[in-house]
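Work through the exercises below with the sequence and the 3D view open. Each task is followed by a solution in steps.

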Amino acid sequence: MPILTKDNTHLLTPAFQQVITAAAALVADCVGAVDDERFDEWSTFFTDDCRYDITTREARQKGWPIGLMHCAGAAMLRDRIMSMRHANIFEAHHYRHMVSATRLAPGTDRAPEFASGVRVHTNFGVTRIMANGETTFFGSGFFDDLIVATPGGLRFHERTVVLDSSQVDTLIVVPF
Amino acid sequence: MNPASDTGLEASASSAPPATPPETLLTWPAEGLARIPFQVYNDPAIADAEQQRLFRGDIWNLICLEVEIPQPGDYRTNVIGDTPVVAIRGNDGLVRVFVNRCAHRGSMLCLDKSGNRKDFTCIYHNWVYDLEGSLQSIAFRRGIRGQGGLPEDFDPSQHGLKQLRMDIIGALVFASFSEKVPPVREWLGERMAWNVDRVVGRPVRIIGGYTQVMHNNWKLYIENVKDAYHAGLLHLFFTRFGLNRLSMDGAVEVSERGGHHLSWSKMHNDHTEGTEYSDGKLRSMKDFDLEDKRLLQSWVEHEDGITHMIQTIFPNVIIQQIQNSLAVRLLVPRGTDECELQWWIIGYADDTEAQMQTRILQSNLVGPAGLVSLEDGVIGSIVQRTTLQDPNRAGVVEMGGRTVESQKGRVSETGVRGFWQEWRQKMGV
Ligand code: FES
Ligand SMILES: [Fe+2]
């Protein structure tokens, strides 16, 4: 496996390209499931003992442990979906994510291997489309993901959705 | 009657509402507090008048938590209604609150949400004020080589920053434009101050924060918070898990003038037998269960056994204890049809790691993504839209009677009526 190089020659190695391509595909497939409202699939992108947070840039800078959403384990992800479907009341809407290329997290200092976990960052913008067609830019930020290999394939073991703004319009019920 | 005061919109920062109520602003329905005219949510003249009579009137406005500005020079900006203000700790250790505005031409002095500074140096023409608000230096006061500069008789002592009255209760820093309003503790009254002490009366730690923008008049949100009747009905998550049902022991308490309120319940004293909850008729009883119940784990934090306590401080502050999820919220109007809700999520400085973990898990219940409360972000907008074209129609608030008083049980809108009682008094309508 390649070691990250200052002159970016590591980018040219097939092993590096395989890792980053696989990570990017997982990120893209997961937002695809959310945007297509295949919510039963959403939790299957995560390990059983995953951690999922939605937080803000400000909260990270200030070291606040609480963001907007915190799930400890895939069961809590499923509970979020169940609550959205059966308990929460809101106006119908869906998202469309626009994601950037996926890159190794800054500070990565060894060759990326899924066996030990690969940390990647992916920028996103999300539009929110209401049932009447009204479309607003809902938020931007980046996914801070730790991806691991499991017998079932690649999964998110940690996902932190870092929103650029601390200001949320109305509510968040559909996960990012 | 004094027709000259009809608009009441003079730009001065005077705290006194006009002695004679301007009858042209609004005619309240004859039914009194049992009705709320839709006009109050949509009329720009009312929103303007609120800036003077309410936010710059005889009330206290929450600015920040004291723990945000621990050191000399630490500052935190915010707004009082539409007016930018800044709270700053002086070299003498005292907190002062100023209008965040240079006395020269009005440039905003502190642009960031928070920070630390040795003085207030205005970015526009470099006038410098000390942390007590006195004008210390003026760039080119004497001009250059005898040309320009200020007149000889210009008196810098007359051009300091506009300082507001400041008072602190528990962790909360308040400010007021009013010279008349009594100190915060007295203004709250004994019972309301009791809960402020109960929740923020010991060293707190900020553990989260965000702002929620809602597309409704600010008063629709504050009414929602005071409406104990909706809590066990709109919020299905609550009722299904027995977190807060209307059948629990509880009460709605209102302050003497009506504007502050407390709504509380004890989840360990629930009696659903013989209510509409137990016969499964209500939508809130449909089957729904959590796979991971750690979200619902809590400890009884107070000896009084109260597990759910929501307080409003007139007109726009909320103190929340939902199990172990603690928050302070400030509601700021943005015109007639938008408002922003600033949240401080808090714990205590001496929380154990386990207590902090519980608060973190329970934070899922509140805020814009709160499993319990996310509905509150949109319900105001759902009401607002129906009121636009019918300013003379009115909402009906007769749950628990037509008057304002503390009530046992929470199938009541007494808190909502209380808000309007004090709002009308302050607004003179
Ligand atoms: S506006 Fe502040 S120095 Fe001129
Ligand atoms: Fe509510």
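**Exercise 1. The two chains**

Task: Find how many residues of chain B are in contact with how many residues of chain A, and how much area chain B and chain A bury between them.

Solution. The model is a predicted one.
- Step 1: count the contacts. On the side of chain B, 40 residues take part, and they touch 31 residues of chain A.
- Step 2: take the area. Chain B and chain A bury about 3300 Å² between them.
- Step 3: ask which atoms supply the area. Carbon and sulfur atoms carry 57% of what chain B and chain A bury.

**Exercise 2. Salt bridges between the chains**

Task: State how many salt bridges there are between chain B and chain A, then say where the partners B:R385 and A:E91 lie.

Solution. 
- Step 1: Side chains of opposite charge can pair when their charged atoms come close.
- Step 2: count. The whole structure holds 36 salt bridges over all chains, and the count between chain B and chain A is three.
- Step 3: look at one pair. B:E291 and A:R78 form a salt bridge through their side chains, at 2.8 Å from N to O.
- Step 4: look at another. The side chains of B:R385 and A:E91 form a salt bridge at 2.7 Å, N to O. B:R385 belongs to helix α9 (residues 376-387) of chain B, while A:E91 sits in the loop between α4 (74-86) and β3 (93-104) of chain A, so this pair joins two chains.

**Exercise 3. The domains of chain B**

Solution. 
- Step 1: Chain B is divided into domain 1 (60-177) and domain 2 (191-427). The C-alpha centres of these domains of chain B are 35 Å apart.
- Step 2: find the main contributors. B:L62, B:L65 and B:L172 supply 34% of the area that domain 1 of chain B buries against domain 2 of chain B, more than any other three residues.

**Exercise 4. The largest pocket**

Task: Name the elements that give two or more residues to the lining of the largest pocket.

Solution. 
- Step 1: the largest pocket holds about 590 Å³ of space.
- Step 2: 29 residues line the largest pocket, and A:E58, B:E68, B:R76, B:T77 and B:K113 are the closest to its centre.
- Step 3: β12(B) gives the most, five residues.
- Step 4: by class, the lining of the largest pocket has eleven nonpolar, eleven polar and seven charged residues.
- Step 5: domain 1 (60-177) and domain 2 (191-427) of chain B each give at least three residues to the lining of the largest pocket.

**Exercise 5. The largest cavity**

Task: Find the volume of the largest cavity and the element with the largest share of its lining.

Solution. 
- Step 1: there are six cavities of 30 Å³ or more, and the volume of the largest cavity is about 210 Å³.
- Step 2: among the 18 residues lining the largest cavity, B:H230, B:A231, B:H308, B:I310 and B:D376 are the closest to its centre.
- Step 3: α6(B) has the largest share of the lining of the largest cavity, three residues.

Key: Residues are numbered from 1 along each chain as its sequence is written. Chains are lettered from A and ligands numbered from 1 in the order in which they are written. This is a predicted model: local features need pLDDT of at least 70, side-chain atom pairs count only at pLDDT 80 or more; totals for chains, interfaces and linings use all residues. Side-chain values use heavy atoms; hydrogens and water are left out. On a 1 Å grid over the protein atoms alone, a cavity is a set of points where a 1.4 Å probe fits but cannot get out, and a pocket is an open set with protein on both sides within 12 Å along at least five of seven lines; lining residues have an atom within 4 Å of a point. Grid points are joined across faces, edges and corners, and a volume is the space filled by probe spheres set on the points. Helices (H or I, at least four residues) and strands (E, at least two) are DSSP runs, numbered from the N terminus. Ala, Val, Leu, Ile, Met, Phe, Trp, Tyr, Cys and Pro count as nonpolar, Asp, Glu, Lys and Arg as charged, and the others, Gly among them, as polar. Domain bounds come from an automatic or database domain assignment. Contact means heavy atoms within 4.5 Å. Buried area is the accessible area (1.4 Å probe) that two parts lose on being put together, summed over both. A salt bridge is a side-chain nitrogen of Lys or Arg within 4 Å of a carboxyl oxygen of Asp or Glu.
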